[in-house]
Amino acid sequence: MRKIKLLALVLISLGMVLWFNLRFSTPLIPTVASSPPKTIRYFERTLPQSIAHVVLIPANSKFLVTPALSQKVATVEEFAQKHRAVAILNAGFFDPVNQKSTSYVILQGKLVADPKKNERLVNNPNLKPYLGKIFNRAEFRRYLCGQTNRYAIALHSQSTPAGCQLVDSIGAGPNLLPELTLAKEGFVNNTSKRDALGSNQPNARTAVGITRDDGVVLVMVAQKPSAPTNGISLPALADFMKTLGADQAMNLDGGSSSSLYYNGKTFYGKVDLEGNPIKRAVKSVLLVQEN
């Protein structure tokens, strides 16, 4: 009996040694969670008086956000056919009478639209007191810093950061974030009660934002067909851009120009009294294309 107990103890001891060696000599292989692919995301948000169409372009993705200018005004659908873009948002201001831009546009380092050459703008007596501010409005920029693309929103007079070159830009305004600069950019004059954009009134609007990690947010806020006089004000638009993670944002041409194309479908912001979308041709857009 004593021999049997002794044999049992030996076997138990050998088993424990074997388990110990297997447990601690086998290297543990860490589990690495695969990161989701960086791609575009589209979604809608229902707001109290409008519907927001949102396109998110993550930082360091294969997509590039660049402006485009048409010789003649064109719908975002026509821009899509020409440029084969994944997403398109209407952008800068223009004069529908002479079809000339009233915003600066730079493409591949070349100035292709200069508001100072728009005679209907510079010769308008009602706008002469504001021309200095009009020529220094906010613009969406793309820099090339070494081999890295960076986005920014800056006033036209602001210099390019050291070590970077300005590749593309498109003007509109006003700045929405980090602050709303209506008076600084000549849209509002509180003394004369001027408010060129009806900033506190609900309307169809478009905006572009930049997140802290250099992602880009495109937004088109549309009127509801059941309530064609609704929309969003500029202060409310600034607040909405914050909820999307933007810490820089600027307003783009709104009202009847508000339009967004995404993945084969077009959304228009302004509706008539019967609730039908108003399709307006525009002068310039922001394109989202594969790099």
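**Close-up views of a predicted model**

The torsion about the S-S bond of Cys145 and Cys164 is about 110°, so the disulfide is right-handed. This is a predicted model, in which local features need pLDDT of at least 70, side-chain atom pairs count only at pLDDT 80 or more, and totals for chains, interfaces and linings use all residues. Residues are numbered from 1 along each chain as its sequence is written, and side-chain values use heavy atoms, with hydrogens and water left out.

**View 1. The disulfide of Cys145 and Cys164.** A search of the whole structure finds 1 disulfide (a pair of cysteine sulfur atoms within 2.5 Å). The disulfide joins Cys145 to Cys164, with an S to S distance of 2.0 Å. It links distant parts of the chain, 19 residues apart: Cys145 belongs to strand 9 (residues 138-145), and Cys164 to the loop between strand 10 (148-155) and strand 11 (165-171). Strands (E, at least two residues) and helices (H or I, at least four) are DSSP runs, numbered from the N terminus. Cys145 and Cys164 are both buried, where buried means under 20% relative accessible area, exposed over 50% and partly exposed in between (1.4 Å probe, protein chains only).

View 2. Strand 9 pairs with strand 10 in the antiparallel sense over 8 bridges; two strands pair if DSSP finds at least two bridges between them. Cys145 stands opposite Thr148 in strand 10. The hairpin has 2 residues between the strands, and Gly146 takes a positive phi near 70°.

View 3. Leu89 has Leu286 in strand 20 as its bridge partner.

**View 4. The largest pocket.** The volume of the largest pocket is about 560 Å³. Its lining has 27 residues, and Phe93, Phe94, Thr102, Ala196 and Leu197 are the closest to its centre. Strand 5 (94-95), helix 3 (119-122) and strand 17 (246-252) are the elements that give two or more residues to the lining. By class, the lining has 11 nonpolar, 9 polar and 7 charged residues. Ala, Val, Leu, Ile, Met, Phe, Trp, Tyr, Cys and Pro count as nonpolar, Asp, Glu, Lys and Arg as charged, and the others, Gly among them, as polar. On a 1 Å grid over the protein atoms alone, a pocket is an open set of points with protein on both sides within 12 Å along at least five of seven lines, a cavity is a set where a 1.4 Å probe fits but cannot get out, and lining residues have an atom within 4 Å of a point. Grid points are joined across faces, edges and corners, and a volume is the space filled by probe spheres set on the points.

**View 5. The largest cavity.** The whole structure holds 1 cavity of 30 Å³ or more. The largest cavity contains about 70 Å³ of space. Of its 14 lining residues, Ser103, Tyr104, Ile134, Arg137 and Gly171 lie nearest its centre. The lining divides into 7 nonpolar, 5 polar and 2 charged residues.
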